[in-house]
Protein chains: 2
Amino acid sequence: MNHMNSHEYYVPGYLANGISAGIKEAGRKDLALIFSEVPAKAAGVFTTNCFKAAPVLVDMERISSGTAQAILTNSGNANAATGDEGYRDALTMSRVASRQLHIADELVMVGSTGVIGHPLPVDKIENAVEPLAAGMHSGGIPAAEEAMMTTDRFPKMSCRKILIGSREVTLCGIAKGAGMIQPNMATMLAYLMTDADIEISALNAVFKEGVAQSFNAISVDGCMSTNDTALILANGMAGNRTIRRRSRELTPFREMLFAVLNELCRDMVRDGEGATKLIELVVEGARTDSEARRVAYAVANSNLVKTAFYGGDPNWGRIISAAGSLGIPLPVKAVKLFFDDVCLFSAGQGTTPPADRVAAIMAQDDIQVRLDLAMGNKRFRIYTSDLSFEYVKINAHYHT
Amino acid sequence: MNHMNSHEYYVPGYLANGISAGIKEAGRKDLALIFSEVPAKAAGVFTTNCFKAAPVLVDMERISSGTAQAILTNSGNANAATGDEGYRDALTMSRVASRQLHIADELVMVGSTGVIGHPLPVDKIENAVEPLAAGMHSGGIPAAEEAMMTTDRFPKMSCRKILIGSREVTLCGIAKGAGMIQPNMATMLAYLMTDADIEISALNAVFKEGVAQSFNAISVDGCMSTNDTALILANGMAGNRTIRRRSRELTPFREMLFAVLNELCRDMVRDGEGATKLIELVVEGARTDSEARRVAYAVANSNLVKTAFYGGDPNWGRIISAAGSLGIPLPVKAVKLFFDDVCLFSAGQGTTPPADRVAAIMAQDDIQVRLDLAMGNKRFRIYTSDLSFEYVKINAHYHT
């Protein structure tokens, strides 16, 4: 969770707002608008699910231009599995926004999150866009975030600044996403706004790299959604020397971007549906990156591992069993498992660490788990959560 | 669940028993012995987990001879991740049984199920083997089954007979396994006994084939255990004409075997930890067997799909989203999804079936789900269960 005040979520040249359009139950904010005063460089990463929601299809087409100026997003309805009508509704969303904002239609990106398979109440959006745009202001980012939330228990925002030359450059990110968080960015929307002046090819490269090791390295329940979208806009209003792929200014920008993405990620997992713990799992000693990743996901997605953490049970047996289930020929007697700095498994069997030390670790909100496969030098880090009664409760009932 | 009486679980030439050795809490049966009066042909299929429990390592070595005469199994302790000491304990189990039964040590198979990573209390087993063997009788199969159970809510037994020529041939199977049921046979022990006279090569082939489409096509929680073992003994005492790989007698024997395996499977899923529903998922229209299997597992293992079934929510969106998450290029508008005979998704969007009909299906204990990928003619069937509060409750606490 972040600790900034609302007035700190501000990026020069951006206006935002979030209001209720009446899609969710009475009064809850469900329509968000982000607007850059000038057209911005834009990059995006989208779900790889075949069943892509209509707004994803629209955005994927538009992002190829490398330019965008506004993002209109609704919660309460995913506009997914809604057929041709859904696609037309996504275009309608964009059209009403572009008219209201007096910009080219192709500069509007759209997003939807919520229940799948119900027609989008696009008339409600049409009616609400005028007051939504009229109410935009430079401090409106938290309102936009609030309007994107579904089962989220708290807003996810992160903001950082760096100096490039004498110019201050700001980056703010907001995200929504609780359930369905797994590789390839399950029901997750993340929007990043910066006033950096950066070349589109540099922006594309650094954003893809950042998403790969943040949003694509977390798992709440192993499910991937039809709507996942991460977008970044860079409007250049900081007036810094242009950041290029090989310029030294890329390094501090990348660091800032990765820090913001990482903070959004951790908050997203911490707010995973029903999550009570944040588990940082590092698989190391793998022969290849892909091997490290596969083992990490097998452990992170294991319901037996997740329920053990929920129960405060240091059940290392479930972790090594999950790691061993992939057909990768692990050297059983060389594999080691640590919770924080305590070794729980080595030489093919459990160790006998001090019980009070293990109990203290299990009682923490954040637990680091390190699994050394002892075969090579590749590693993969993943954030995951536990599996609780609350997860079942949330997901066994309809919700928007 | 089966409906035979105990006296029907009888196979000529086999004795069995199950008693309490004091491994589980007071009085619960935890030690099972199955004994064939003559050495039997034997085949086995084992977990592919790297972290194989000690009894699995022993059995894998011994099964290569193609002969066995007894199976000694304890519950309450898995003898897994117990290092060299665990391996010695497994050998000790076998030795005390072989001495008691006056047979060669190599003819004894061993099994363990329960908690991982605790030393096996092998002295309790040593003390209990004498009364266990002394109490064996031809009607002892249900007692043996009871002694293998851990979190199982009911025993899983299936028995069938066929005629080969004028000879009656009997096959009985018993199984344990509730949690951790996923491909490659998670914490699952299944022992089959037949009096058929069958060549070892035919027995090996037909048993592997049967396990592949039964125990390796079910999923409760996507986890695979260190102990999974399926064994079949065939002692030839029926006196039938020997069943060979190419003889016509193989067909009725295979049918009987598959029927017994299928019944054990369905009961295993129905008794999955916390399961309230049995879902038979058929993925058809795939281009390859492996594609059908991958999609089936992605859907069957999705926590969002499982919780929806628990909640009685006909959430087809979660099913198609899970199917679409694998990177397989599904023809979105041709894919169809059925619950029983009701189509819920086609032409890229939800249909509008009669609500009362859908509600009636969701209220059933058994639901058939059919997903047509519309790309080819390959199919895969899997049994799975829902995900309930009870699953979390069982697995968030220690249990034996």
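**Two helices, two chains**

In this predicted model, helix H5 (residues 200–212) of chain A packs against helix H6 (residues 250–270) of chain A at an angle of about 40°, and their axes are 10 Å apart. The crossing of H5(A) past H6(A) is right-handed. On the H5(A) side, the contact is made by A:Ala202, A:Leu203, A:Val206, A:Phe207, A:Glu209, A:Gly210 and A:Val211. H6(A) contributes A:Leu250, A:Phe253, A:Arg254, A:Leu257, A:Phe258 and A:Leu261. Sorted by type, the residues of this contact are 10 nonpolar, 1 polar and 2 charged.

Helix H6 of chain A also takes part in a charged pair. Side chains of opposite charge can pair when their charged atoms come close. A:Arg270 forms a salt bridge with A:Asp366, and the closest N and O atoms are 2.9 Å apart. A:Arg270 lies in helix H6 of chain A, whereas A:Asp366 lies in strand S14 (residues 366–372) of chain A, so this pair ties together parts that are 96 residues apart in sequence. Over all chains, a search of the whole structure finds 29 salt bridges.

The next step is to look at both chains. Two copies of a chain are related by a rotation about an axis and a shift along it.

How do the two copies meet? In the interface, 52 residues of chain A are in contact with 52 residues of chain B. Of the interface residues of chain A, 100% are also interface residues in chain B, so the copies meet through the same surface.

The size of an interface is often given as the accessible area lost when the parts come together. Chain A and chain B bury about 4,200 Å² between them, with 65% of it on carbon and sulfur atoms. In chain A, the residues that lose the most area to chain B are A:Phe51, A:Leu304 and A:Phe389, together 16% of what that side buries.

A:Lys333 forms a salt bridge with B:Asp84, with the closest N and O atoms 2.6 Å apart.

Note on methods. Residues are numbered from 1 along each chain as its sequence is written. Chains are lettered from A and ligands numbered from 1 in the order in which they are written. This is a predicted model: local features need pLDDT of at least 70, side-chain atom pairs count only at pLDDT 80 or more; totals for chains, interfaces and linings use all residues. Side-chain values use heavy atoms; hydrogens and water are left out. Axes are lines fitted to C-alpha atoms, for helices over the stretch in contact, and angles run from 0 to 180 degrees between N-to-C directions. Helices (H or I, at least four residues) and strands (E, at least two) are DSSP runs, numbered from the N terminus. A crossing is left-handed if the near helix is turned anticlockwise from the far one by less than a right angle, and right-handed if clockwise. Contact means heavy atoms within 4.5 Å. Ala, Val, Leu, Ile, Met, Phe, Trp, Tyr, Cys and Pro count as nonpolar, Asp, Glu, Lys and Arg as charged, and the others, Gly among them, as polar. Buried area is the accessible area (1.4 Å probe) that two parts lose on being put together, summed over both. A salt bridge is a side-chain nitrogen of Lys or Arg within 4 Å of a carboxyl oxygen of Asp or Glu.
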